Amino acid sequence: MSIVTIERKVLEKNDEIARKNRDLFRSQNIFAINIVSSPGSGKTSILERTLEYFNGKVPVAVIEGDVHTDLDAQRIAKHNIPVVQVVTNGMCHLEAKFVSDSLSAFDGKNVRLLIIENVGNLVCPSNYDLGEAHKIVVLSTTEGDDKPLKYPAMFRNASVLLINKIDLVPYVNCSIETMVRNALTVNPKLKIFKMSCTTKEGIAEWCGWLQERIK
Amino acid sequence: MHELSIAQNILETVQEHVPDEKRPLISKVTMEIGAASGVVAEALTFAFDAIVQDTPMRNAVLDTVIVPFTVRCRECRKESQNESGYMTCLFCDSPDVSVLSGTDLVLKQIELNDE
């Protein structure tokens, strides 16, 4: 019997491509964010409100990740900004290579803010670095205030939490105070914004945070 | 669910280290799985068994070793293994901790039955 010692991270290849993406973003002054959440939390709606806020003021580009269909890209394209739809055909997360393969579509667009909307899934995308500056996790009030404790990896790896659908609190069994406390238990350094895409409450605060980081 | 693509990554890494003719001799592949990596050992083993079936590596079994999620506190300087995967010191409750281990997936070694 013989033993071959390897000692290698299995996602090393992904991490390598992510590193290259990050270097490229830095050299081109692109602020890139990776939005993650479970399906139906409102990622695309937040994206649309964000695009409305920056409309014409900042060149934005979007990469949409979905298991099937280009429905989200169709929604985003209405805002007249460059968008690439990545269809993963069953895969439950985006990988760094999907992002690097998409970037040529934005050549010459002078992009300052790149928003990557990951596949809706609160578990798998947390393992895959895409090269983003920040992971932004979205959690809506309809999902329940216990989710940060149940899916800690995603909240631990994110730097910002967007609590969405706060206008629905009177109708659902969710305490925003408990949700915030649970999120901070998992990751005390999380920056938290509360918002509603229907009433637009909180959108300006979130976009202000982005604005401060866009060069 | 993403265990299948992780199993695919393991397979590719093994193939890089073991030449074609020796792959049927692989008896065991040992992986360290971080307790807070979000990967389930049983699901990974299931996925690994499924994808090696159609390769010369079909005799290989996946051996998984769980690495506890360990944080070091910057205030009390102690290390604690927080099973919950939260960024909190178990001794003094401080949130000012850094992760030491338990989030990675590492391919440790490959065993070959080559006498």
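## Close-up views of a two-chain predicted model

**View 1. Helices H1 and H2 of chain B meet side by side chain.** Glu3(B), Leu4(B), Ile6(B), Ala7(B), Gln8(B), Ile10(B) and Leu11(B) of H1(B) are in contact with Ala43(B), Leu44(B), Ala47(B), Phe48(B), Ile51(B) and Val52(B) of H2(B); contact means heavy atoms within 4.5 Å. By class, that contact has 11 nonpolar, 1 polar and 1 charged residues (Ala, Val, Leu, Ile, Met, Phe, Trp, Tyr, Cys and Pro count as nonpolar, Asp, Glu, Lys and Arg as charged, and the others, Gly among them, as polar). This is a predicted model, where local features need pLDDT of at least 70, side-chain atom pairs count only at pLDDT 80 or more, and totals for chains, interfaces and linings use all residues. Residues are numbered from 1 along each chain as written, chains are lettered from A and ligands numbered from 1 in the order written, and side-chain values use heavy atoms, leaving out hydrogens and water.

**View 2. The axes of H1(B) and H2(B) cross at roughly 55 degrees.** H1(B) covers residues 3-17 and H2(B) residues 41-52, and their axes come within 8 Å. Helices (H or I, at least four residues) and strands (E, at least two) are DSSP runs, numbered from the N terminus. Axes are lines fitted to C-alpha atoms, for helices over the stretch in contact, with angles from 0 to 180 degrees between N-to-C directions.

**View 3. Chain A and chain B share an interface with 5 salt bridges.** A salt bridge here is a side-chain nitrogen of Lys or Arg within 4 Å of a carboxyl oxygen of Asp or Glu. Zoom in on Lys108(B) and Glu7(A), whose side chains form a salt bridge at 2.2 Å, N to O. Chain A gives 29 residues to the contact and chain B gives 38 residues.

**View 4. Lys200(A) and Glu52(A) form a salt bridge.** Their closest N and O atoms are 3.8 Å apart. Lys200(A) lies in the loop between strand S8 (191-194) and helix H8 (203-213) of chain A, and Glu52(A) in helix H2 (residues 43-54) of chain A, so the pair ties together parts 148 residues apart in sequence.

**View 5. H2(A) and H8(A) have axes that come within 10 Å.** Those axes of H2(A) and H8(A) cross at roughly 70 degrees. In this view, Ile46(A), Arg49(A), Thr50(A), Tyr53(A) and Phe54(A) of H2(A) meet residues of H8(A) including Trp206(A), Cys207(A) and Leu210(A). The residues of this contact of H2(A) with H8(A) divide into 8 nonpolar, 3 polar and 1 charged.
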